[in-house]
Amino acid sequence: MLERLNSESLPHLPEDVEQPAYDRSRVTPGIVHLGIGAFHRAHQAAVTDLAMAASGDLSWGIQGVSMRSPATRDALAPQDGLYTLALRDAGPDGRPREQLRVIGSVLRIVVAEEDPQAALERIAYPQTRIISLTVTEKGYCHEPSTGYLRWDHPDIAHDLEHPDRPRSAIGMLVYGLALRRERSLPPVTLLSCDNLHANGDTLRSLVLAFALRVDVALTAWIDKNCAFPNSMVDRIVPGTQDDDRARVADRLGFADAWPVVGEPYLNWVIEDKFAAGRPAWDIAGGASFVRNAAPYERLKLRMVNGPHSAFAYLGSMLGLRTNSEAAAAPALRRYVDDMMRLEIAPTLRGIPESGLEEYRLRFLARVANPALPHRTRQIAMDGSQKVPQRLLAVIRDRLRRGDDFNRLALAVAAWLHYLRGHDELGNTYSIQDPLAEALAKLLARADVAAAASAPSQAAHRRAMVLAGFRPVFGDMARKPAFVDALAEQLERLRTLGVLGALEALERDAARQSEAPQAVPAA
Ligand code: CS2
């Protein structure tokens with residue numbers, strides 16, 4: 001049995017394992033982080049660790065809040081908050097290589113569901129200057145197509161009634177800020193690090209909407225005392241598996257109950273509008289501060305997350321377990337590449353073509369990383385919360401300009417097709433999505449509508465019903481070009497399967513390029 005990693009193990013770690021280059025006993029808490037999962041620990045916490053070492057400013061220790069699960073707290077408490085970050089890729093010989101670093105920026109973790117008061121107190125702690133979040137898209141309890149707070153969300157309804165034990169991140173923030181106001185504490189920054197469109201602005205409007213129901217004066221206080229910078233975050237961080245734990249323990253010589261595994265690539269662009277200072281996140285590489293994060297966020301959601309989801313849905317249906325397997329399937333890779341080049345990149349105006357080309361090639365190489373198995377079904381989760389900003393926003397842009405979007409339509413159709421719960425090999429899986437129940441009913445309604453239609457109308461009728469699901473599609477059912485494209489791609493998936501649908505797209509493209517070009521009138 002190996003001893004557990006903790007503060008006392010640091011002097012005994014192998015030399016090739018990096019470790020906190022500062023005196024951890026002098027670190028004081030400055031950040032409260034809601035949603036202390038693998039992504040935060042591989043991204044913001046790792047950059048904070050480097051920033052504290054490089055700047056010598058040790059006032060930015062992180063107090064983690066896990067909204068529900070005690071698992072991360074249970075793993076890290078006996079380790080004094082320490083854990084290993086394993087960055088993996090393939091070396092020039094194609095063999096996996098891994099760089100290990102023990103991270104020291106996380107001080108302690110509380111579990112909100114067990115002890116909501118402790119979480120509220122962390123937010124209302126005088127030294128807390130930044131409250132950051134990675135609670136995933138669904139953690140904002142908003143309607144994906146509009147960005148509005150869902151008052152019918154069970155956690156939001158609960159939190160309006162129970163100010164002393166909020167369950168949602170939004171409720172937690174508002175009641176925590178109310179305590180700060182009561183105690184006349186200084187301003188604070190709320191920093192969303194989730195893959196949402198305009199994540200800071202979105203968070204701000206959700207917090208203000210909830211606060212308005214609680215107390216008008218609190219709303220005004222928040223407006224005056226809180227900053228909500230937008231940020232773009234990027235690093236591929238699959239869920240940790242048991243073989244990761246075993247491998248890391250083997251190299252450390254100590255047992256780490258929950259290491260995190262990610263790719264070497266990291267990008268973080270943050271608007272430099274903080275209410276009460278910030279760590280030097282940019283000092284040792286990792287983050288950059290800008291005035292406006294919108295172009296970076298749009299680039300990332302469209303050229304990383306959209307294609308990522310496309311690989312995941314189509315790959316899952318082919319029975320492929322990981323995104324790197326999906327990226328290694330030639331037809332699938334060609335399709336995603338074409339979608340990025342021909343349909344997505346042209347919507348990203350203002351970025352030079354060569355920059356987009358480099359970004360695309362790097363993304364394709366990142367997904368292909370054979371040393372980092374990222375399960376297609378993990379990425380496929382919560383599609384109702386992801387598809388709008390990853391794929392539909394791009395389609396809307398193309399619709400506005402009258403441009404075609406068949407490849408994007410196939411990716412959306414792939415999500416809907418995935419929701420049937422079985423792949424082409426006959427494997428079944430459950431749908432993990434906060435709207436799973438409503439989506440199951442929607443699919444059933446679409447089937448009934450299609451069965452009741454004349455055969456020539458069935459595909460269109462089905463697409464019409466599906467596109468009518470407003471929480472995801474908003475008003476897109478009213479756009480005939482969208483419904484037609486969705487109907488066609490869905491029908492191809494149903495009748496030809498994934499590879500058949502991809503072939504059909506390639507045939508369409510070949511036909512188009514052979515068609516005589518219209519000669520402009522003189
Ligand atoms: C992925 C993202 O799970 C998902 O939905 O698309 O987590 C993705 O790996 C990251 O955003 C990359 O930065």
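Colleague: Which residue of S4 is the bridge partner of Ala86?

Modeller: Leu100 in S4 is the bridge partner of Ala86. This is a predicted model, in which local features need pLDDT of at least 70 and side-chain atom pairs count only at pLDDT 80 or more, while totals for chains, interfaces and linings use all residues. Residues are numbered from 1 along each chain as its sequence is written, and side-chain values use heavy atoms, with hydrogens and water left out.

Colleague: What makes S3 and S4 a pair of strands?

Modeller: Strands here are DSSP runs of E with at least two residues, and helices are runs of H or I with at least four, numbered from the N terminus. Two strands pair if DSSP finds at least two bridges between them. Strand S3 (residues 83–90) and S4 have 8 bridges and run antiparallel, so they meet that rule. Thr84, for instance, stands opposite Val102 in S4. The hairpin of S3 and S4 has 5 residues between the strands, and Gly94 there takes a positive phi near 85°.

Colleague: Why are S4 and S10 said to stand at the edges?

Modeller: The sheet is open, with 3 strands in the order S4-S3-S10 and mixed pairing. Strand S4 (96–103) and strand S10 (260–262) each have a single partner strand, so one side of each has no neighbour in the sheet. Neighbouring strands are turned by 25° against each other on average, direction ignored. Helix H2 (residues 44–55) packs on this sheet and touches S3 and S4, its direction making about 65° with that of S4. Helix H9 (residues 242–252) also packs on the sheet, touching S3, S4 and S10, at about 75° to the direction of S4. Such angles run from 0 to 180 degrees between N-to-C directions, with axes as lines fitted to C-alpha atoms, for helices over the stretch in contact. Contact means heavy atoms within 4.5 Å.

Colleague: Why is H16 called largely enclosed?

Modeller: Buried means under 20% relative accessible area, exposed over 50%, and partly exposed in between (1.4 Å probe, protein chains only). In H16, 12 of the 13 residues are buried, so the helix is largely enclosed by the rest of the structure. Among them are Arg407, His417 and Tyr418.

Colleague: How do you know that Trp415 and Phe473 are an aromatic pair, and why is it called tilted?

Modeller: Rings of Phe, Tyr and Trp (its six-membered ring) pair if their centres lie within 6.5 Å; planes under 30 degrees apart count as stacked, over 60 as edge-to-face and the rest as tilted. The count comes to 9 aromatic pairs. In one of them, Trp415 and Phe473 are 6.3 Å apart centre to centre with 45° between the planes, so they are a pair and a tilted one. Trp415 is in helix H16 (residues 406–418) and Phe473 in helix H19 (residues 470–473), 58 residues apart. Both count as buried, because Trp415 has a relative accessible area of 1% and Phe473 has 0%.

Colleague: What makes the charged end of Arg278 sit over a ring?

Modeller: The rule asks for NZ of Lys or CZ of Arg within 6 Å of the ring centre and within 35 degrees of the ring normal. The charged end of Arg278 sits over the ring of Phe289, 3.6 Å from its centre. Phe289 is also in a cluster that ring pairs form with Trp268, Phe274 and Trp281. Arg129 sits likewise over the ring of Trp60, its charged end 3.8 Å from the centre.
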